[in-house]
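Okay, thanks for coming, everyone. Let me put the model up and then walk through it.

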Amino acid sequence: MLRVLMFLVPLALSIYAFIDCISTKDEDIRHMPKPLWAILVLLFPLVGSISWLIAGKKRHPAGGAAGSPWGRGGGRQQWVAPDDNPEFLKSLDDDKDKDDRPGDGERGGAG
């Protein structure tokens, strides 16, 4: 089992790094051009993958990218979870009021 893991973990790491490399925008790549990073990851799977993950890509802060709707800046509207969204909570109250109206044919035990 350990032998299999020693083969699969570097393989999975190199596949992840290669896909991440080719799908990254050119302006987010650091130090070398994208094709050179891809070749490095393919020729030297373990070292190239670790190098890509550490130094190849610009990393954004944990709060999200500055320009993304989920980020903390950029002037865009920030995404809000449904339980924190006042509009969503109001719509639930409205739905509850509709369900609580008399004469909606509430079902009883007999009938």
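Where does W52 lie? W52 is in helix 3, and for helices I'm using DSSP runs, H or I of at least four residues, with strands being E runs of at least two, numbered from the N terminus.

Before I go on, the housekeeping. This is a predicted model, where local features need pLDDT of at least 70 and side-chain atom pairs count only at pLDDT 80 or more, while totals for chains, interfaces and linings use all residues. Residues are numbered from 1 along each chain as its sequence is written, and side-chain values use heavy atoms, with hydrogens and water left out.

So, the overall picture. The protein chain has 4 helices and 0 strands, and along the sequence that reads α-α-α-α. Of its 111 residues, 15% count as buried, where buried is under 20% relative accessible area, exposed is over 50%, and partly exposed is in between, with a 1.4 Å probe and protein chains only.

Back to our tryptophan. W52 is buried, with a relative accessible area of 0%. What is W52 in contact with, leaving aside its neighbours within four places in sequence? The list is A17, D20, C21, T24, I29, W37, V41, K57 and R59, with contact meaning heavy atoms within 4.5 Å. There's also S14, which is 38 residues away from W52 in sequence and 9.7 Å away in space, C-alpha to C-alpha.

Now pick out W37 from that list. A search of the whole structure finds 1 aromatic pair, and W37 with W52 is an edge-to-face one, at 5.5 Å centre to centre and 70° between the planes. The cut-offs: rings of Phe, Tyr and Trp (its six-membered ring) pair if their centres lie within 6.5 Å, and planes under 30 degrees apart are stacked, over 60 edge-to-face, and the rest tilted. The pair links distant parts of the chain, W37 in helix 2 and W52 in helix 3, 15 residues apart. W37 is buried too, with a relative accessible area of 3%.

On to the helix packing. The axes of helix 2 (residues 34-43) and helix 3 (residues 45-56) come within 5 Å and cross at roughly 140°. That makes helix 2 oblique to helix 3. Axes here are lines fitted to C-alpha atoms, for helices over the stretch in contact, with angles from 0 to 180 degrees between N-to-C directions. Under 35 degrees is roughly parallel, over 145 roughly antiparallel, 65 to 115 roughly perpendicular, and the rest oblique.

Which residues meet there? From helix 2 you have W37, L40, V41, L42 and L43, and from helix 3 P45, G48, S49, S51, W52, A55 and G56.

Helix 1 packs against helix 2 as well: their axes come within 9 Å and cross at roughly 170°, so the two are roughly antiparallel. S14, A17, F18, C21 and I22 of helix 1 touch K34, W37, A38, V41 and L42 of helix 2.

H31 sits in the loop between helix 1 (2-23) and helix 2, and H31 is exposed, with a relative accessible area of 65%.

Last, the annotation. UniProt, in an unreviewed entry, lists residues 35-55 as "transmembrane region". In the model, the end C-alpha atoms of residues 35-55 lie 15 Å apart, and the span is 95% helix and 0% strand.

Notes. UniProt positions are given in the numbering used here, feature names are shortened, and annotations may be inferred rather than shown by experiment.
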